[in-house]
Amino acid sequence: MALPRRSVLVPACWLAALLAAVARPASPEVAGDISATVVATRGAVPQSQVVPGIETALLALLNETRRQHHLAPLIMNDSLRSIARRHSQEMALAGYIGHGSVGGESFVERLSRVVPAGMLVGENVTSARTTEQAHVHFLASPGHLRNMVHPAFHSVGIGVATAGAAGFIVTEDFAE
């Protein structure tokens, strides 16, 4: 499968209208800058499996970070988790990391299938070899950390998929 490309420039007023009709990214820079950006990995894998145990461990680490910031824990949402799992598996199978999809769909568009229009959303993605490494990647990135401790977020879907020699791919999808 080919990697998604950013091939169309959308005027700001059209983008604003589109985002008003779907979920809204929590960080304003996400809408135009990184929502469709992808980075090639070491290569696609022929198969990928979901790893529920790592998803559960990452939820515990995420909620510990929120506790340290005096925030309520996030609740795992089955609909968000399903979308996160599909995205992690797609990235592993296609050999990329990013917020966009092979078909060019942004994470905001993906999440708008299960999140009411106008609701804030966020997404973290990474690849790692261990649960702790994935969590540290998110903590070390200001944008990812901002999603983790955003006070408006109350639910999360965490999807972890195997990615061969790269370890695994993680998607954390956040919503109000």
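Where pLDDT is low, the predicted coordinates should not be read in detail. For the protein as a whole, the mean pLDDT is 82, and 76% of the residues reach 70 or more.

This is a predicted model, in which local features need pLDDT of at least 70 and side-chain atom pairs count only at pLDDT 80 or more, while totals for chains, interfaces and linings use all residues. Residues are numbered from 1 along each chain as its sequence is written, and side-chain values use heavy atoms, with hydrogens and water left out.

A search of the whole structure finds 5 salt bridges, each defined as a side-chain nitrogen of Lys or Arg within 4 Å of a carboxyl oxygen of Asp or Glu. One of them joins R81 to E55, with 2.9 Å between the closest N and O atoms. This pair links distant parts of the chain, since R81 belongs to helix α3 (residues 78–94) and E55, 26 residues away, to helix α2 (residues 52–68); helices here are DSSP runs of H or I with at least four residues, strands are runs of E with at least two, and both are numbered from the N terminus. Both R81 and E55 are buried, a word that stands for under 20% relative accessible area, with exposed meaning over 50% and partly exposed in between (1.4 Å probe, protein chains only).

Within helix α2, R67 and E64 lie 3 residues apart, about one turn of the helix, and their side chains meet in a salt bridge of 2.5 Å from N to O. E64 counts as partly exposed because its relative accessibility is 30%. A further salt bridge connects E105 with R113, whose closest N and O atoms are 2.6 Å apart; E105, at 24% relative accessibility, therefore also counts as partly exposed. Salt bridges that share partners join E55, R81 and R85 into one network.

Turning to the strands, β5 (residues 120–128) is mostly covered, with 8 of its 9 residues buried. Strand β5 runs antiparallel to strand β7 (residues 168–175), and 8 bridges join the two, where pairing requires that DSSP find at least two bridges between strands. In this pairing, E123 has D173 of β7 as its bridge partner.

Conventions:
pLDDT = per-residue confidence, 0-100.
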